[in-house]
Amino acid sequence: MSLNILLGIIYTIFKIIVIIVPLMLGVAYLTYAERKVIGYMHDRLGPNRVGKYGLLQPIADAIKLLFKELIIPTKANKYLYMMAPVIVIGPSLTAWAVIPFTETFVVADLNVGLLFLLAMTSLSVYGIIIAGWATNSKYALLGALRSAAQTISYEIAMGFCFVGVLMLSRSMNLKDIVLAQYGGVFSWYWLPLFPLFIVYWISAVAETNRAPFDVVEGESEIVAGFHVEYSGIRFALFFLAEYANMILVSVLCVIMFFGGWMPPVSPDTFIGGFLFNYVPSVVWLLLKSSFFIFTFLWFRATFPRYRYDQIMRLGWKVFIPVTLIWIFVTGIVIKFY
Amino acid sequence: MFIFFKRLLKNFLLLELLQGLRVTWRHFLGRKITILYPEEEIPKSDRFRGLHALMRYENGEERCIGCKLCEIVCPAKAITIETYQRNDGSRRTSKYEIDLFKCIFCGYCEEACPVDSIVQTEIYDYCFYDRNSCVITKDKLLAIGDQYNMDIVKMKKNDSVYR
(Lines give C-alpha, C1' and ligand atoms only; values in the text may rest on other atoms or scores of the structure.)
Protein backbone atom coordinates (compact mmCIF):
# COMPACT_ATOMS: atom_id res chain seq x y z
CA MET A 1 0.00 0.00 0.00
CA SER A 2 2.61 2.48 1.07
CA LEU A 3 4.81 1.35 -1.80
CA ASN A 4 2.01 2.18 -4.19
CA ILE A 5 1.70 5.65 -2.72
CA LEU A 6 5.44 6.13 -3.00
CA LEU A 7 5.43 4.99 -6.60
CA GLY A 8 2.53 7.29 -7.30
CA ILE A 9 4.44 10.22 -5.84
CA ILE A 10 7.54 9.36 -7.86
CA TYR A 11 5.45 9.05 -11.01
CA THR A 12 3.84 12.43 -10.35
CA ILE A 13 7.21 14.04 -9.75
CA PHE A 14 8.41 12.53 -13.00
CA LYS A 15 5.43 14.01 -14.80
CA ILE A 16 6.08 17.39 -13.21
CA ILE A 17 9.67 17.32 -14.40
CA VAL A 18 8.53 16.35 -17.88
CA ILE A 19 6.36 19.47 -17.91
CA ILE A 20 8.60 21.95 -16.08
CA VAL A 21 11.85 21.35 -17.96
CA PRO A 22 10.47 21.93 -21.46
CA LEU A 23 8.45 24.82 -20.07
CA MET A 24 11.55 26.54 -18.72
CA LEU A 25 13.34 25.95 -22.02
CA GLY A 26 10.29 27.25 -23.82
CA VAL A 27 10.30 30.38 -21.68
CA ALA A 28 14.00 30.93 -22.36
CA TYR A 29 13.51 30.62 -26.08
CA LEU A 30 10.34 32.66 -25.97
CA THR A 31 12.45 35.64 -24.89
CA TYR A 32 14.70 34.93 -27.86
CA ALA A 33 11.70 34.59 -30.16
CA GLU A 34 10.25 37.80 -28.83
CA ARG A 35 13.38 39.79 -29.54
CA LYS A 36 13.75 38.18 -32.93
CA VAL A 37 10.12 38.64 -34.00
CA ILE A 38 9.88 42.21 -32.78
CA GLY A 39 13.22 42.92 -34.44
CA TYR A 40 11.94 41.55 -37.73
CA MET A 41 8.80 43.62 -37.46
CA HIS A 42 10.98 46.69 -36.93
CA ASP A 43 13.02 45.75 -40.04
CA ARG A 44 15.90 44.80 -37.76
CA LEU A 45 17.57 41.43 -37.33
CA GLY A 46 17.34 40.96 -33.59
CA PRO A 47 20.00 39.16 -31.56
CA ASN A 48 22.40 37.32 -33.85
CA ARG A 49 25.79 37.45 -32.17
CA VAL A 50 25.78 34.73 -29.50
CA GLY A 51 25.94 31.40 -31.28
CA LYS A 52 24.49 30.75 -34.71
CA TYR A 53 21.59 33.13 -35.40
CA GLY A 54 21.97 34.22 -31.75
CA LEU A 55 20.50 30.94 -30.58
CA LEU A 56 22.61 30.92 -27.42
CA GLN A 57 21.38 34.38 -26.44
CA PRO A 58 18.88 33.17 -23.80
CA ILE A 59 21.58 31.06 -22.17
CA ALA A 60 23.93 34.03 -22.08
CA ASP A 61 21.12 36.13 -20.57
CA ALA A 62 20.40 33.49 -17.95
CA ILE A 63 24.06 33.25 -16.95
CA LYS A 64 24.30 37.02 -16.72
CA LEU A 65 21.21 37.24 -14.52
CA LEU A 66 22.41 34.40 -12.27
CA PHE A 67 25.71 36.12 -11.57
CA LYS A 68 24.28 39.56 -10.93
CA GLU A 69 24.26 41.04 -7.48
CA LEU A 70 21.04 40.70 -5.51
CA ILE A 71 20.20 44.13 -4.19
CA ILE A 72 17.79 44.68 -1.32
CA PRO A 73 16.73 48.31 -0.89
CA THR A 74 17.43 49.60 2.62
CA LYS A 75 13.85 50.53 3.38
CA ALA A 76 12.31 47.46 1.81
CA ASN A 77 10.44 44.88 3.85
CA LYS A 78 13.09 42.20 3.47
CA TYR A 79 11.00 39.05 3.94
CA LEU A 80 8.18 40.10 1.67
CA TYR A 81 10.66 41.52 -0.79
CA MET A 82 12.36 38.16 -1.06
CA MET A 83 9.09 36.20 -0.98
CA ALA A 84 7.37 38.11 -3.80
CA PRO A 85 9.13 36.51 -6.79
CA VAL A 86 8.39 33.08 -5.35
CA ILE A 87 4.73 33.97 -4.88
CA VAL A 88 4.60 35.09 -8.50
CA ILE A 89 6.31 32.07 -10.02
CA GLY A 90 4.63 29.48 -7.80
CA PRO A 91 1.03 29.74 -9.05
CA SER A 92 2.06 30.25 -12.66
CA LEU A 93 3.83 26.88 -12.53
CA THR A 94 1.15 25.20 -10.40
CA ALA A 95 -1.50 26.05 -12.98
CA TRP A 96 0.16 23.67 -15.42
CA ALA A 97 -0.93 20.74 -13.25
CA VAL A 98 -4.42 20.67 -14.73
CA ILE A 99 -3.49 21.24 -18.37
CA PRO A 100 -4.19 18.10 -20.42
CA PHE A 101 -1.44 17.80 -23.01
CA THR A 102 -2.90 14.67 -24.50
CA GLU A 103 -5.90 12.57 -23.65
CA THR A 104 -3.89 10.68 -21.04
CA PHE A 105 -1.09 13.02 -20.00
CA VAL A 106 -2.17 15.37 -17.25
CA VAL A 107 -0.66 15.73 -13.79
CA ALA A 108 -3.88 16.33 -11.87
CA ASP A 109 -7.13 15.40 -13.60
CA LEU A 110 -9.24 17.81 -11.58
CA ASN A 111 -12.97 18.03 -12.11
CA VAL A 112 -12.82 21.74 -11.34
CA GLY A 113 -9.80 22.38 -13.56
CA LEU A 114 -11.22 25.60 -14.95
CA LEU A 115 -11.85 27.03 -11.48
CA PHE A 116 -8.40 25.93 -10.38
CA LEU A 117 -6.86 27.77 -13.32
CA LEU A 118 -8.85 30.90 -12.61
CA ALA A 119 -7.73 30.77 -8.98
CA MET A 120 -4.08 30.21 -9.85
CA THR A 121 -3.87 32.93 -12.46
CA SER A 122 -5.39 35.40 -10.01
CA LEU A 123 -3.10 34.29 -7.18
CA SER A 124 0.06 35.42 -8.90
CA VAL A 125 -1.17 39.00 -8.82
CA TYR A 126 -0.65 38.86 -5.05
CA GLY A 127 3.02 38.37 -5.70
CA ILE A 128 3.07 41.45 -7.87
CA ILE A 129 1.22 43.52 -5.28
CA ILE A 130 3.52 42.31 -2.50
CA ALA A 131 6.56 43.03 -4.64
CA GLY A 132 5.33 46.55 -5.31
CA TRP A 133 4.53 47.21 -1.68
CA ALA A 134 7.59 45.59 -0.10
CA THR A 135 10.01 47.47 -2.34
CA ASN A 136 8.97 50.71 -0.67
CA SER A 137 9.34 52.75 -3.82
CA LYS A 138 6.68 54.97 -5.31
CA TYR A 139 7.08 53.59 -8.81
CA ALA A 140 6.81 50.02 -7.62
CA LEU A 141 3.75 50.88 -5.56
CA LEU A 142 2.06 52.57 -8.52
CA GLY A 143 2.82 49.56 -10.67
CA ALA A 144 1.38 47.23 -8.06
CA LEU A 145 -1.79 49.29 -7.73
CA ARG A 146 -2.28 49.37 -11.46
CA SER A 147 -1.68 45.66 -11.66
CA ALA A 148 -4.22 44.95 -8.92
CA ALA A 149 -6.94 47.03 -10.54
CA GLN A 150 -6.24 45.79 -14.04
CA THR A 151 -5.99 42.11 -13.23
CA ILE A 152 -9.16 42.13 -11.16
CA SER A 153 -11.17 43.89 -13.86
CA TYR A 154 -10.03 41.55 -16.61
CA GLU A 155 -10.42 38.50 -14.40
CA ILE A 156 -14.16 39.07 -14.44
CA ALA A 157 -14.40 39.23 -18.22
CA MET A 158 -12.17 36.19 -18.43
CA GLY A 159 -14.30 34.32 -15.91
CA PHE A 160 -17.39 35.01 -18.00
CA CYS A 161 -15.60 33.57 -21.04
CA PHE A 162 -14.96 30.44 -18.99
CA VAL A 163 -18.66 30.37 -18.15
CA GLY A 164 -19.54 30.37 -21.84
CA VAL A 165 -17.21 27.46 -22.47
CA LEU A 166 -18.48 25.42 -19.58
CA MET A 167 -22.09 26.05 -20.58
CA LEU A 168 -21.39 24.40 -23.92
CA SER A 169 -19.20 21.59 -22.62
CA ARG A 170 -21.17 21.08 -19.37
CA SER A 171 -17.92 20.35 -17.55
CA MET A 172 -15.14 22.16 -15.75
CA ASN A 173 -12.71 19.36 -16.41
CA LEU A 174 -10.34 20.58 -19.11
CA LYS A 175 -10.11 17.11 -20.62
CA ASP A 176 -13.88 16.91 -20.95
CA ILE A 177 -13.90 20.38 -22.49
CA VAL A 178 -11.52 19.21 -25.21
CA LEU A 179 -13.44 15.98 -25.73
CA ALA A 180 -16.67 17.97 -26.05
CA GLN A 181 -15.06 19.74 -29.02
CA TYR A 182 -14.35 16.42 -30.75
CA GLY A 183 -14.05 16.97 -34.47
CA GLY A 184 -12.44 19.29 -37.00
CA VAL A 185 -11.93 23.03 -37.06
CA PHE A 186 -15.63 23.80 -37.26
CA SER A 187 -16.69 21.81 -34.25
CA TRP A 188 -14.30 23.69 -31.98
CA TYR A 189 -15.76 26.31 -29.69
CA TRP A 190 -14.21 29.34 -31.34
CA LEU A 191 -17.07 29.34 -33.84
CA PRO A 192 -20.11 29.36 -31.53
CA LEU A 193 -18.28 31.41 -28.91
CA PHE A 194 -16.44 33.76 -31.26
CA PRO A 195 -17.08 36.99 -29.29
CA LEU A 196 -16.08 35.22 -26.09
CA PHE A 197 -12.92 33.98 -27.78
CA ILE A 198 -11.96 37.51 -28.82
CA VAL A 199 -12.75 38.87 -25.37
CA TYR A 200 -10.83 36.02 -23.76
CA TRP A 201 -7.81 36.63 -25.90
CA ILE A 202 -7.68 40.37 -25.26
CA SER A 203 -8.25 39.80 -21.53
CA ALA A 204 -5.49 37.21 -21.58
CA VAL A 205 -3.10 39.81 -22.95
CA ALA A 206 -4.25 42.17 -20.21
CA GLU A 207 -4.01 39.45 -17.55
CA THR A 208 -0.40 38.69 -18.36
CA ASN A 209 0.41 42.41 -18.30
CA ARG A 210 1.73 42.37 -21.83
CA ALA A 211 1.72 45.18 -24.36
CA PRO A 212 -0.57 46.99 -25.16
CA PHE A 213 -1.82 46.51 -21.59
CA ASP A 214 1.57 46.76 -19.91
CA VAL A 215 0.85 49.85 -17.81
CA VAL A 216 1.99 47.74 -14.85
CA GLU A 217 5.54 47.95 -16.13
CA GLY A 218 5.01 51.09 -18.17
CA GLU A 219 8.68 51.89 -18.60
CA SER A 220 7.96 55.33 -20.02
CA GLU A 221 5.92 56.33 -16.97
CA ILE A 222 6.94 54.34 -13.91
CA VAL A 223 10.38 52.99 -14.87
CA ALA A 224 9.61 49.28 -14.59
CA GLY A 225 6.62 49.13 -12.28
CA PHE A 226 6.63 46.55 -9.54
CA HIS A 227 10.08 45.14 -10.28
CA VAL A 228 12.08 48.39 -10.43
CA GLU A 229 14.32 47.46 -7.53
CA TYR A 230 14.67 43.77 -8.29
CA SER A 231 17.89 42.47 -9.76
CA GLY A 232 19.59 39.24 -10.67
CA ILE A 233 17.75 35.97 -10.23
CA ARG A 234 14.80 37.57 -8.43
CA PHE A 235 14.14 39.74 -11.45
CA ALA A 236 14.59 36.64 -13.61
CA LEU A 237 11.84 34.91 -11.62
CA PHE A 238 9.37 37.70 -12.42
CA PHE A 239 10.41 37.48 -16.02
CA LEU A 240 10.03 33.71 -16.03
CA ALA A 241 6.58 33.94 -14.47
CA GLU A 242 5.43 36.48 -17.05
CA TYR A 243 6.51 34.33 -19.96
CA ALA A 244 5.25 31.11 -18.36
CA ASN A 245 1.89 32.85 -17.97
CA MET A 246 1.95 33.85 -21.62
CA ILE A 247 2.43 30.24 -22.62
CA LEU A 248 -0.21 29.14 -20.11
CA VAL A 249 -2.96 31.43 -21.37
CA SER A 250 -2.12 30.47 -24.96
CA VAL A 251 -2.41 26.77 -24.17
CA LEU A 252 -5.60 27.45 -22.23
CA CYS A 253 -7.03 29.35 -25.20
CA VAL A 254 -6.31 26.38 -27.44
CA ILE A 255 -7.90 24.00 -24.96
CA MET A 256 -11.05 26.05 -24.53
CA PHE A 257 -11.63 27.40 -28.01
CA PHE A 258 -9.43 25.47 -30.43
CA GLY A 259 -9.95 21.84 -29.57
CA GLY A 260 -6.86 21.15 -27.48
CA TRP A 261 -4.94 18.22 -28.90
CA MET A 262 -7.37 17.61 -31.79
CA PRO A 263 -5.92 17.74 -35.31
CA PRO A 264 -7.48 20.41 -37.57
CA VAL A 265 -9.38 17.79 -39.57
CA SER A 266 -11.99 15.68 -37.81
CA PRO A 267 -10.50 12.37 -36.57
CA ASP A 268 -13.49 10.57 -38.13
CA THR A 269 -12.39 11.38 -41.65
CA PHE A 270 -9.57 9.51 -43.36
CA ILE A 271 -6.92 12.28 -43.23
CA GLY A 272 -7.99 13.34 -39.76
CA GLY A 273 -7.80 9.79 -38.49
CA PHE A 274 -4.32 9.49 -39.90
CA LEU A 275 -3.25 12.79 -38.27
CA PHE A 276 -4.91 11.79 -35.03
CA ASN A 277 -3.40 8.33 -34.79
CA TYR A 278 0.09 8.76 -36.19
CA VAL A 279 1.07 12.27 -35.10
CA PRO A 280 1.57 12.67 -31.33
CA SER A 281 -1.43 14.67 -30.22
CA VAL A 282 0.68 17.03 -28.12
CA VAL A 283 2.09 18.35 -31.41
CA TRP A 284 -1.29 19.82 -32.34
CA LEU A 285 -1.64 21.47 -28.96
CA LEU A 286 1.82 23.02 -29.22
CA LEU A 287 1.36 24.11 -32.83
CA LYS A 288 -1.92 25.82 -32.11
CA SER A 289 -0.71 27.48 -28.94
CA SER A 290 2.50 28.68 -30.58
CA PHE A 291 0.36 30.70 -32.94
CA PHE A 292 -1.25 32.43 -29.97
CA ILE A 293 2.12 32.98 -28.36
CA PHE A 294 3.20 34.57 -31.61
CA THR A 295 0.25 36.94 -31.51
CA PHE A 296 1.50 38.16 -28.12
CA LEU A 297 4.73 39.26 -29.77
CA TRP A 298 2.85 40.56 -32.79
CA PHE A 299 0.63 42.72 -30.59
CA ARG A 300 3.63 44.08 -28.78
CA ALA A 301 5.25 45.12 -32.03
CA THR A 302 2.04 46.69 -33.32
CA PHE A 303 0.00 48.46 -30.67
CA PRO A 304 0.86 51.46 -28.54
CA ARG A 305 0.18 51.24 -24.83
CA TYR A 306 -3.37 51.82 -23.63
CA ARG A 307 -4.00 54.72 -21.34
CA TYR A 308 -4.90 53.57 -17.84
CA ASP A 309 -8.49 54.85 -17.80
CA GLN A 310 -9.06 53.37 -21.25
CA ILE A 311 -8.00 49.99 -19.96
CA MET A 312 -10.53 50.26 -17.16
CA ARG A 313 -13.24 51.41 -19.56
CA LEU A 314 -12.54 48.55 -21.94
CA GLY A 315 -12.64 46.01 -19.16
CA TRP A 316 -15.75 47.16 -17.33
CA LYS A 317 -17.88 48.89 -19.93
CA VAL A 318 -17.16 46.84 -23.04
CA PHE A 319 -15.97 43.35 -22.24
CA ILE A 320 -18.24 42.52 -19.32
CA PRO A 321 -21.45 43.55 -21.15
CA VAL A 322 -20.33 41.75 -24.31
CA THR A 323 -19.58 38.54 -22.47
CA LEU A 324 -22.83 38.75 -20.49
CA ILE A 325 -24.87 39.21 -23.65
CA TRP A 326 -23.16 36.31 -25.36
CA ILE A 327 -23.64 34.06 -22.34
CA PHE A 328 -27.33 34.96 -22.50
CA VAL A 329 -27.47 34.17 -26.22
CA THR A 330 -25.65 30.87 -25.66
CA GLY A 331 -28.08 30.02 -22.88
CA ILE A 332 -31.07 30.62 -25.12
CA VAL A 333 -29.55 28.61 -27.96
CA ILE A 334 -28.78 25.68 -25.61
CA LYS A 335 -32.28 25.84 -24.16
CA PHE A 336 -34.16 25.72 -27.46
CA TYR A 337 -31.94 23.52 -29.66
CA MET B 1 -28.63 56.29 -35.33
CA PHE B 2 -27.04 54.94 -38.50
CA ILE B 3 -23.76 56.59 -37.61
CA PHE B 4 -23.97 55.09 -34.14
CA PHE B 5 -24.31 51.57 -35.53
CA LYS B 6 -21.59 52.19 -38.07
CA ARG B 7 -19.23 53.21 -35.29
CA LEU B 8 -20.27 50.26 -33.17
CA LEU B 9 -19.60 47.89 -36.03
CA LYS B 10 -16.24 49.49 -36.74
CA ASN B 11 -15.20 49.23 -33.12
CA PHE B 12 -16.35 45.69 -32.57
CA LEU B 13 -14.92 44.26 -35.76
CA LEU B 14 -11.48 45.53 -34.64
CA LEU B 15 -10.82 46.56 -38.25
CA GLU B 16 -8.26 49.20 -37.43
CA LEU B 17 -6.37 46.87 -35.16
CA LEU B 18 -6.26 44.27 -37.91
CA GLN B 19 -4.96 46.90 -40.30
CA GLY B 20 -2.16 47.66 -37.88
CA LEU B 21 -1.37 43.99 -37.53
CA ARG B 22 -1.20 43.71 -41.31
CA VAL B 23 1.40 46.47 -41.46
CA THR B 24 3.67 44.79 -38.94
CA TRP B 25 3.17 41.45 -40.67
CA ARG B 26 4.32 42.94 -43.97
CA HIS B 27 7.43 44.30 -42.30
CA PHE B 28 7.99 40.95 -40.58
CA LEU B 29 8.38 39.32 -43.97
CA GLY B 30 10.05 42.29 -45.64
CA ARG B 31 13.69 43.04 -46.27
CA LYS B 32 15.78 43.96 -43.23
CA ILE B 33 17.88 47.09 -43.37
CA THR B 34 20.40 46.15 -40.70
CA ILE B 35 24.04 46.26 -41.79
CA LEU B 36 26.15 43.78 -39.83
CA TYR B 37 28.89 46.28 -39.13
CA PRO B 38 32.18 44.49 -38.69
CA GLU B 39 31.36 42.15 -41.57
CA GLU B 40 29.53 44.62 -43.77
CA GLU B 41 30.09 48.33 -44.22
CA ILE B 42 28.20 51.16 -45.80
CA PRO B 43 29.96 52.16 -49.05
CA LYS B 44 32.09 55.27 -48.58
CA SER B 45 32.52 58.22 -50.91
CA ASP B 46 35.94 58.91 -52.43
CA ARG B 47 35.70 62.28 -50.74
CA PHE B 48 35.33 60.69 -47.32
CA ARG B 49 37.25 62.78 -44.79
CA GLY B 50 38.65 60.38 -42.22
CA LEU B 51 41.91 60.04 -40.36
CA HIS B 52 44.81 62.17 -41.58
CA ALA B 53 48.03 61.01 -43.21
CA LEU B 54 51.25 62.62 -44.43
CA MET B 55 52.43 61.52 -47.86
CA ARG B 56 55.84 61.03 -49.41
CA TYR B 57 57.22 61.37 -52.93
CA GLU B 58 57.96 58.16 -54.74
CA ASN B 59 61.64 58.38 -53.86
CA GLY B 60 60.79 58.40 -50.17
CA GLU B 61 61.21 62.14 -49.62
CA GLU B 62 58.58 63.77 -47.42
CA ARG B 63 56.23 65.97 -49.36
CA CYS B 64 55.71 68.42 -46.50
CA ILE B 65 57.75 71.60 -46.87
CA GLY B 66 56.66 73.22 -43.62
CA CYS B 67 54.76 76.10 -45.23
CA LYS B 68 52.25 76.10 -42.33
CA LEU B 69 49.31 76.87 -44.62
CA CYS B 70 47.37 74.02 -43.09
CA GLU B 71 48.10 75.27 -39.60
CA ILE B 72 46.78 78.70 -40.54
CA VAL B 73 43.70 77.52 -42.41
CA CYS B 74 42.69 75.05 -39.72
CA PRO B 75 39.50 76.46 -38.19
CA ALA B 76 39.84 74.34 -35.07
CA LYS B 77 43.52 75.12 -34.56
CA ALA B 78 44.19 71.42 -34.35
CA ILE B 79 47.51 71.45 -36.21
CA THR B 80 50.83 72.40 -34.62
CA ILE B 81 53.94 72.72 -36.80
CA GLU B 82 57.56 73.54 -36.00
CA THR B 83 60.19 73.78 -38.73
CA TYR B 84 63.99 73.72 -39.06
CA GLN B 85 66.52 74.09 -41.85
CA ARG B 86 67.86 70.81 -43.09
CA ASN B 87 71.53 70.42 -44.10
CA ASP B 88 70.70 70.73 -47.80
CA GLY B 89 69.11 74.07 -47.08
CA SER B 90 65.48 73.04 -47.46
CA ARG B 91 62.83 73.76 -44.85
CA ARG B 92 61.40 70.72 -43.11
CA THR B 93 59.05 70.12 -40.18
CA SER B 94 60.55 69.01 -36.90
CA LYS B 95 57.09 68.65 -35.43
CA TYR B 96 53.79 68.07 -37.13
CA GLU B 97 50.96 67.20 -34.76
CA ILE B 98 47.20 66.99 -35.16
CA ASP B 99 44.98 66.99 -32.12
CA LEU B 100 42.16 64.69 -33.19
CA PHE B 101 39.91 65.87 -30.38
CA LYS B 102 40.08 69.39 -31.79
CA CYS B 103 39.94 68.37 -35.42
CA ILE B 104 36.53 68.76 -37.05
CA PHE B 105 37.48 66.86 -40.22
CA CYS B 106 36.61 69.77 -42.50
CA GLY B 107 39.29 68.92 -45.04
CA TYR B 108 40.64 72.50 -45.33
CA CYS B 109 44.20 71.35 -44.54
CA GLU B 110 44.11 69.02 -47.50
CA GLU B 111 42.83 71.79 -49.76
CA ALA B 112 45.38 74.29 -48.50
CA CYS B 113 48.39 72.02 -48.96
CA PRO B 114 50.42 73.11 -52.02
CA VAL B 115 52.32 69.83 -52.26
CA ASP B 116 49.49 67.37 -51.49
CA SER B 117 51.28 66.27 -48.37
CA ILE B 118 48.52 66.21 -45.75
CA VAL B 119 45.57 64.13 -46.89
CA GLN B 120 42.52 62.59 -45.29
CA THR B 121 42.07 58.85 -45.63
CA GLU B 122 38.99 56.64 -45.54
CA ILE B 123 39.90 55.38 -42.07
CA TYR B 124 37.26 56.17 -39.46
CA ASP B 125 37.42 53.23 -37.04
CA TYR B 126 40.35 54.18 -34.83
CA CYS B 127 40.52 54.58 -31.09
CA PHE B 128 42.81 55.82 -28.31
CA TYR B 129 43.62 54.05 -25.09
CA ASP B 130 44.52 57.25 -23.23
CA ARG B 131 43.76 60.89 -23.69
CA ASN B 132 47.32 61.87 -24.66
CA SER B 133 47.37 59.71 -27.74
CA CYS B 134 44.62 61.77 -29.32
CA VAL B 135 47.49 63.95 -30.56
CA ILE B 136 48.97 62.12 -33.52
CA THR B 137 52.61 62.92 -34.21
CA LYS B 138 54.47 63.30 -37.46
CA ASP B 139 55.83 59.74 -37.22
CA LYS B 140 52.37 58.29 -36.89
CA LEU B 141 50.99 60.42 -39.71
CA LEU B 142 53.81 59.33 -42.00
CA ALA B 143 53.30 55.73 -40.95
CA ILE B 144 49.62 55.93 -41.84
CA GLY B 145 50.57 57.47 -45.18
CA ASP B 146 53.05 54.65 -45.86
CA GLN B 147 50.70 51.91 -44.79
CA TYR B 148 47.68 53.00 -46.80
CA ASN B 149 49.61 54.65 -49.66
CA MET B 150 47.94 52.66 -52.43
CA ASP B 151 44.40 53.17 -51.06
CA ILE B 152 44.91 56.88 -50.60
CA VAL B 153 46.37 57.36 -54.08
CA LYS B 154 43.52 55.42 -55.64
CA MET B 155 40.91 57.34 -53.70
CA LYS B 156 42.38 60.73 -54.61
CA LYS B 157 42.73 59.71 -58.23
CA ASN B 158 39.08 58.62 -58.42
CA ASP B 159 38.00 61.90 -56.95
CA SER B 160 40.36 64.09 -59.03
CA VAL B 161 38.00 63.73 -62.02
CA TYR B 162 35.40 65.83 -60.22
CA ARG B 163 37.72 68.50 -58.84
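Start with chain B, whose elements run α-α-β-α-β-β-α-β-β-α-α from the N terminus on. Helices (H or I, at least four residues) and strands (E, at least two) are DSSP runs, numbered from the N terminus. Before you click further: this is a predicted model, where local features need pLDDT of at least 70 and side-chain atom pairs count only at pLDDT 80 or more, while totals for chains, interfaces and linings use all residues. Residues are numbered from 1 along each chain as its sequence is written, and chains are lettered from A and ligands numbered from 1 in the order in which they are written.

**Zoom out on chain B.** How far does its C-alpha trace span along the principal axes? About 100 × 35 × 30 Å. The radius of gyration of chain B is 27 Å, well over the 15 Å that the globule rule gives for 163 residues, so the chain is more spread out than a compact globule. (That radius is taken over C-alpha atoms, and the rule is 2.2 Å times the number of residues to the power 0.38.)

**Select residues 15-29 of chain B.** This is helix α2, whose 15 residues reach 21 Å from first C-alpha to last, close to the 21 Å expected at 1.5 Å a residue. (The expected span is 1.5 Å times one less than the number of residues.) α2(B) is hardly covered, with a buried count of one among its 15 residues. Buried means that 20 or more other C-beta atoms, placed from the backbone, lie within 10 Å of the residue's own; exposed means 12 or fewer, and partly exposed is in between.

**Now residues 79-85 and 91-99 of chain B.** Here β2 and β3 run antiparallel, joined by seven bridges. (Strands pair if DSSP finds at least two bridges between them.) Look for Gln85(B), whose bridge partner in β3(B) is Arg91(B). The two strands form a hairpin with five residues between them, and Gly89(B) in the turn has a positive phi of about 95°.

Ile98(B) stands opposite Ile136(B).

**Last stop: the cores.** A nonpolar core is a set of buried Ala, Val, Leu, Ile, Met, Phe, Trp, Tyr and Cys residues joined through C-beta atoms within 7 Å. Which residues have the most contacts inside the largest one? Select Cys161(A), Tyr200(A), Cys253(A) and Phe257(A), in a core of 87 residues. (A contact means C-beta atoms, placed from the backbone, within 7 Å.) Helix α9 (residues 232-257) of chain A gives the largest share, 17 residues. Apart from this core lies another, of 19 residues, including Ala53(B) and Leu141(B).
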